[in-house]
There are 4 protein chains.
Amino acid sequence: MHEKPMLQGIIPPMVTPLQERDQLDYEGLERLIEHILSGGVHGLFILGTTGEAPSLSYRLRREIIELTCSQVNGRVPVMVGITDTSFIESVNLARHAAEAGAKGVVLAPPYYFPAGQEELLEYLDHLTPELPLPLTLYNMPSHTKLMFEPETLHRAMDNPAIAGLKDSSGDMVYFHRLQIFLEKRPDFHLLVGPEELLGETVLLGGHGGVSGGANIFPRLYVTLYEAASGGDRDRVEELHRTVMHISNTIYSTGRFNSSIIKGLKCALSLEGICDDFMAEPFHRFRDAERQRIKRHLTEIKNNHPLP
Amino acid sequence: MHEKPMLQGIIPPMVTPLQERDQLDYEGLERLIEHILSGGVHGLFILGTTGEAPSLSYRLRREIIELTCSQVNGRVPVMVGITDTSFIESVNLARHAAEAGAKGVVLAPPYYFPAGQEELLEYLDHLTPELPLPLTLYNMPSHTKLMFEPETLHRAMDNPAIAGLKDSSGDMVYFHRLQIFLEKRPDFHLLVGPEELLGETVLLGGHGGVSGGANIFPRLYVTLYEAASGGDRDRVEELHRTVMHISNTIYSTGRFNSSIIKGLKCALSLEGICDDFMAEPFHRFRDAERQRIKRHLTEIKNNHPLP
Amino acid sequence: MHEKPMLQGIIPPMVTPLQERDQLDYEGLERLIEHILSGGVHGLFILGTTGEAPSLSYRLRREIIELTCSQVNGRVPVMVGITDTSFIESVNLARHAAEAGAKGVVLAPPYYFPAGQEELLEYLDHLTPELPLPLTLYNMPSHTKLMFEPETLHRAMDNPAIAGLKDSSGDMVYFHRLQIFLEKRPDFHLLVGPEELLGETVLLGGHGGVSGGANIFPRLYVTLYEAASGGDRDRVEELHRTVMHISNTIYSTGRFNSSIIKGLKCALSLEGICDDFMAEPFHRFRDAERQRIKRHLTEIKNNHPLP
Amino acid sequence: MHEKPMLQGIIPPMVTPLQERDQLDYEGLERLIEHILSGGVHGLFILGTTGEAPSLSYRLRREIIELTCSQVNGRVPVMVGITDTSFIESVNLARHAAEAGAKGVVLAPPYYFPAGQEELLEYLDHLTPELPLPLTLYNMPSHTKLMFEPETLHRAMDNPAIAGLKDSSGDMVYFHRLQIFLEKRPDFHLLVGPEELLGETVLLGGHGGVSGGANIFPRLYVTLYEAASGGDRDRVEELHRTVMHISNTIYSTGRFNSSIIKGLKCALSLEGICDDFMAEPFHRFRDAERQRIKRHLTEIKNNHPLP
């Protein structure tokens with residue numbers, strides 16, 4: 001057992017640059033990786049929700065694992081999402097990730113059948129022996145319908161193959177409840193999903209965030225993380241305001257739940273970084289929304305502190 | 001456009017007989033198909049919820065499509081579930097189903113990302129041109145988080161490639177609302193999922209059911225369907241009572257949502273038809289539950305009318 | 001213990017005719033009661049959801065109890081809703097109802113605090129000794145957040161002061177599950193709330209319905225009930241179609257959940273029966289919706305069989 | 001318009017000391033008020049969720065308003081919950097509160113009928129002219145089923161009679177979204193409900209908390225508030241740990257949602273402050289739970305920093 005968490009800091013959940021329904025935007029992928037890494041991030045998480053993983057074919061998932069690990073080339077740890085409703089396919093992806101050089105895998109509960117908490121624990125006990133890499137759990141009840149209840153996580157933490165948790169529930173009472181468990185596992189990393197909560201969780205001892213906005217503004221989130229872990233409350237407040245502004249503009253332009261990913265991809269396209277094609281059942285913003293994102297981007301750059 | 005619905009009657013959602021995590025119980029599959037067909041069913045639906053499809057590897061899904069179509073050999077139409085979060089993988093499965101000789105495919109909404117109703121319609125518009133077989137929609141909000149709202153279905157019915165709907169919402173007000181739409185599409189089939197609702201939906205003009213219990217007692221559901229479509233209310237009441245008894249015993253033995261499929265597989269195993277191994281995240285009943293299912297089976301055979 | 005249920009047939013949930021926020025439309029109330037009774041209904045239920053009870057002052061609730069009991073004058077049993085978050089206020093209303101001559105009280109679970117099922121059972125055990133009238137339970141999870149789980153109801157049925165259940169869950173699998181319990185309590189009445197389900201529940205042994213539409217078309221629902229209890233499936237289908245049409249027009253005109261009550265009150269106002277003023281937080285339909293309701297009413301009268 | 005919010009700091013939601021179903025524990029009430037005020041709190045909120053208001057008779061609600069205002073006697077502002085499903089009864093309570101000398105009223109949305117957001121806005125527009133005291137809105141979706149959506153609150157803030165919001169959603173992304181609106185209303189107070197979130201909200205600019213634990217340990221929450229508003233992160237972390245420990249012990253002893261209020265009342269009873277009788281549908285802890293709460297209290301006093 002290590003003394004320190006494997007992951008700390010900003011580990012952006014990378015969007016998946018696509019050119020068509022089943023084809024990567026290869027040049028966009030390369031530019032995007034370099035753009036994110038130039039911000040000083042502490043890791044890279046591919047094939048998560050922001051990466052539209054469940055919407056991609058398995059062929060394309062394997063391809064993006066290989067290309068990303070090769071492009072990153074060890075500069076930061078690459079984490080690979082293996083969430084799947086099929087146990088076998090999760091294991092297959094994990095093996096592929098290990099061979100490609102990834103450093104960890106990330107898994108939300110299987111999300112079709114609503115399993116009970118004991119079934120979930122048993123599932124994890126059966127899964128981890130098959131995984132060649134340390135596992136970060138991913139709490140995402142809005143999409144999986146299933147929460148890792150505190151007691152479930154407490155018991156799962158007895159399994160040393162489980163290295164951490166990314167919590168995207170947005171429920172801070174829950175988050176604080178989990179933090180208490182870290183006393184028995186000082187090596188366990190506890191990361192927050194929603195970037196609107198990055199400042200406060202790190203101020204109160206969290207280890208960092210899987211911040212979608214770091215696809216566009218990686219240095220903003222890295223600086224916010226550093227200010228919060230250093231206890232600079234004024235700087236945290238200032239940067240938090242910018243984060244909230246991004247959330248209220250770039251992420252809030254469409255009508256549906258998909259507007260966060262659409263906004264991110266649209267902004268990346270406007271910045272010339274990668275294509276904004278989206279996998280079904282979603283579609284890129286049409287021109288009206290695109291113009292609004294463009295104005296928001298300009299306004300953010302002019303009026304908000306971006307480190 | 002045909003005048004009559006493609007499907008009417010009992011189309012059992014077949015369980016998937018497994019021997020191990022990624023291996024079919026080949027002999028059990030053969031016996032199970034013959035057992036179901038011997039009951040006079042009107043079709044066979046594989047790779048649905050009862051078939052644990054989302055928990056199976058793609059390799060195994062292709063295998064069961066081939067073996068089932070080959071074993072059925074045209075005696076009844078085989079319907080194949082292609083529900084998937086990935087558009088590409090749904091299309092791949094549909095093509096495989098067509099090559100194997102299936103007669104239709106069945107699809108619930110992509111179930112990871114919560115799509116809006118317009119996104120769902122657009123998704124269907126993009127999907128159907130890629131499908132080589134007629135499509136039956138599958139409403140299953142408890143597992144997909146997403147409903148085909150009545151207005152959405154009404155618009156989807158303008159697409160002639162969409163041949164019917166299987167509704168497993170259990171919401172009869174919704175079901176009756178949909179029935180009104182059949183005026184514009186007399187060829188559209190409207191089937192009910194929960195077998196507890198089979199009698200009343202057919203009494204009021206529904207086309208039949210995708211009844212899980214028909215894995216064990218195929219003739220019971222076929223006879224109930226015939227009584228209801230013939231308007232024999234006394235016989236419907238009598239058989240409905242048996243259906244409710246099965247629901248309250250075989251399906252209600254475990255603590256979790258999975259107890260329906262576990263109960264079905266356990267009963268099939270007790271009957272010597274196929275193995276009761278289950279795909280992760282579920283597990284077969286342990287001995288205590290198995291003994292209870294055994295007693296229930298005996299009691300049903302002794303005390304309830306089974307045609 | 002009686003051998004027959006206390007209530008069978010159509011027991012309309014009467015709307016509360018208002019002239020202002022805290023004032024009854026006295027003449028409208030008289031006309032409405034006579035209109036409903038003229039349709040041959042089997043009881044009258046006041047201060048339910050359709051009666052906007054939770055939105056009314058206690059003073060007005062007592063007033064409507066007195067006036068209704070006096071006007072009905074024993075022609076049919078009057079049932080009084082006493083649902084409240086406060087135990088004391090429920091008991092106060094029940095006593096008032098008994099003094100005024102009502103024949104029973106109706107109670108949904110207290111709906112602010114989410115009680116557990118055992119707390120709910122204990123609450124009923126404490127409540128019934130304080131009630132001077134037999135109690136009908138009211139299952140309305142969409143508004144109370146709390147369901148009488150089947151096992152809870154099964155245990156509650158051991159309490160002879162509990163005379164029946166009105167189920168407005170719309171969940172027919174649940175309804176059928178409860179029906180099995182009637183074997184131990186042949187005197188227990190099981191009524192259905194949503195009128196879209198009236199035909200099928202009575203065809204399969206239910207005792208009748210608390211049908212909101214009977215405020216306008218009382219004879220329609222009475223006739224449907226009689227056809228269904230007599231087993232005349234063709235007549236049931238025909239009348240059921242009219243019921244569905246009312247549901248799809250009169251009840252579906254507004255944008256919010258309140259559109260059922262708004263539609264009912266608007267139609268009653270157009271018929272010259274009573275005022276359509278509504279208690280906060282709702283408001284009567286404005287002119288555009290009123291014109292649509294008017295057209296719907298005309299169309300129903302012209303094209304649909306109204307007995 | 002004032003420049004500063006009317007309320008800042010710790011405004012405990014007082015439990016209602018009861019001796020029987022409809023009778024106050026008069027001496028306990030006096031002791032409780034003095035105990036809370038001795039901790040330096042900045043206000044007192046009666047008849048909220050923690051005060052079991054919806055479960056109390058109107059008679060008792062009026063009594064506790066009078067007695068509390070009289071006992072507090074102007075030392076801190078008294079806020080009175082007027083949440084009700086009936087508009088008239090809310091207004092009645094507000095008038096009573098004003099006459100007794102309260103300084104403000106607090107209102108969650110009417111919680112039986114699920115109103116739309118526009119209906120909710122209109123309801124507020126109709127209500128505030130009838131209220132003799134400034135109104136604090138109360139967001140409590142777990143109990144009311146209805147959220148003040150950000151856009152709804154933004155529009156409600158144009159109404160100067162609405163003085164603030166208490167948010168008990170526990171959704172910090174939502175909370176931060178609301179904070180941005182304070183730019184247009186610097187006099188608007190934004191308080192947090194769950195005390196587990198007190199530290200971080202005040203660190204990031206929130207105005208304080210309605211902390212249930214301040215019934216027992218008022219000085220703890222006051223000191224935490226002061227540390228957070230003064231930016232002393234180490235002290236915040238230390239006191240936050242105690243707050244989390246209370247949450248994980250005193251509040252987590254029972255099986256149901258009611259365990260927070262039960263735990264608070266039980267602890268107050270053990271401390272000799274007031275009776276732990278609870279209004280239906282809840283009941284005081286039995287002896288086993290009481291012994292656990294006793295051990296927790298001892299352990300907290302021995303091992304945790306209580307200012």
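The model is predicted. Chain D and chain C bury about 4100 Å² between them. Chain A has 12 helices and 10 strands. Over all chains, the structure holds 74 salt bridges.

**Interface of chain D and chain C**

- The contact involves 44 residues of chain D and 44 residues of chain C.
- Of the roughly 4100 Å² buried between the two chains, 61% is on carbon and sulfur atoms.
- Tyr112(D), Phe113(D) and Glu119(D) supply 19% of the area that chain D buries against chain C.
- Polar contacts join 18 residue pairs between chain D and chain C, counting pairs with both residues at pLDDT 80 or more.
- Four helices of chain D each give two or more residues to the side that touches chain C: H3 (87–100), H4 (117–127), H5 (141–144) and H11 (259–270).
- H4(D) gives the most, with 5 residues.
- By type, the residues on this side of chain D are 18 nonpolar, 13 polar and 13 charged.
- The interface holds 6 salt bridges. One joins Lys262(D) to Glu119(C), at 2.7 Å from N to O.

- Chain A and chain C make no contact, and their closest C-alpha atoms lie 18 Å apart.
- Chain B and chain D do not touch either, with their nearest C-alpha atoms 18 Å apart.

**Fold of chain A**

- Chain A comes to 12 helices and 10 strands. Its radius of gyration is 18 Å, close to the 19 Å that the globule rule gives for 307 residues, so chain A is as compact as a globular protein of that length.
- The C-alpha trace spans about 50 × 45 × 35 Å along its principal axes.
- Buried residues account for 65% of the 307 residues in chain A.
- Among contacts between residues at least 6 apart in sequence, 73% join residues at least 24 apart.

**Two positions in chain A**

- Asn73(A) sits in the loop between helix H2 (58–72) and strand S5 (78–81). It counts as exposed because its relative accessibility, 61%, is over the 50% cut-off.
- Thr223(A) lies in helix H9 (residues 218–229). It counts as buried because its relative accessibility, 15%, is under the 20% cut-off.
- Beyond its neighbours within four places in sequence, Thr223(A) contacts Arg235(A), Leu239(A) and Pro307(A).

**Salt bridges within chains**

- Arg75(A) and Glu34(A) form a salt bridge at 2.6 Å, N to O. Arg75(A) is in the loop between H2 and S5 and Glu34(A) in helix H1 (residues 26–37), so the pair ties together parts 41 residues apart in sequence.
- Both partners are partly exposed: Arg75(A) at 46% relative accessibility, Glu34(A) at 31%.
- Glu52(D) pairs with Lys265(D), the closest N and O atoms being 2.6 Å apart. Glu52(D) is in the loop between strand S4 (44–46) and helix H2 (58–72), Lys265(D) in helix H11, 213 residues apart.
- Glu52(D) is buried, at 1% relative accessible area. Lys265(D) is also buried, at 0%.
- Lys301(D) meets Glu271(D) at 2.6 Å, N to O. Lys301(D) lies in helix H12 (residues 287–303) and Glu271(D) in the loop between H11 and H12, so the pair ties together parts 30 residues apart in sequence.
- Lys301(D) is partly exposed at 43%, and Glu271(D) is partly exposed at 33%.

**Salt-bridge network**

- A network of salt bridges links Arg21(A), Glu280(A), Arg95(B) and Glu130(B).

Technical notes:
Residues are numbered from 1 along each chain as its sequence is written. Chains are lettered from A and ligands numbered from 1 in the order in which they are written. This is a predicted model: local features need pLDDT of at least 70, side-chain atom pairs count only at pLDDT 80 or more; totals for chains, interfaces and linings use all residues. Side-chain values use heavy atoms; hydrogens and water are left out. Contact means heavy atoms within 4.5 Å. Buried area is the accessible area (1.4 Å probe) that two parts lose on being put together, summed over both. A salt bridge is a side-chain nitrogen of Lys or Arg within 4 Å of a carboxyl oxygen of Asp or Glu. A polar contact is a pair of N or O atoms within 3.5 Å; within protein, one must be able to donate a hydrogen and the other to accept it, and residues adjacent in sequence count only if both atoms are side-chain atoms. Ala, Val, Leu, Ile, Met, Phe, Trp, Tyr, Cys and Pro count as nonpolar, Asp, Glu, Lys and Arg as charged, and the others, Gly among them, as polar. The radius of gyration is taken over C-alpha atoms; the globule rule is 2.2 Å times the number of residues to the power 0.38. Buried means under 20% relative accessible area, exposed over 50%, partly exposed in between (1.4 Å probe, protein chains only).
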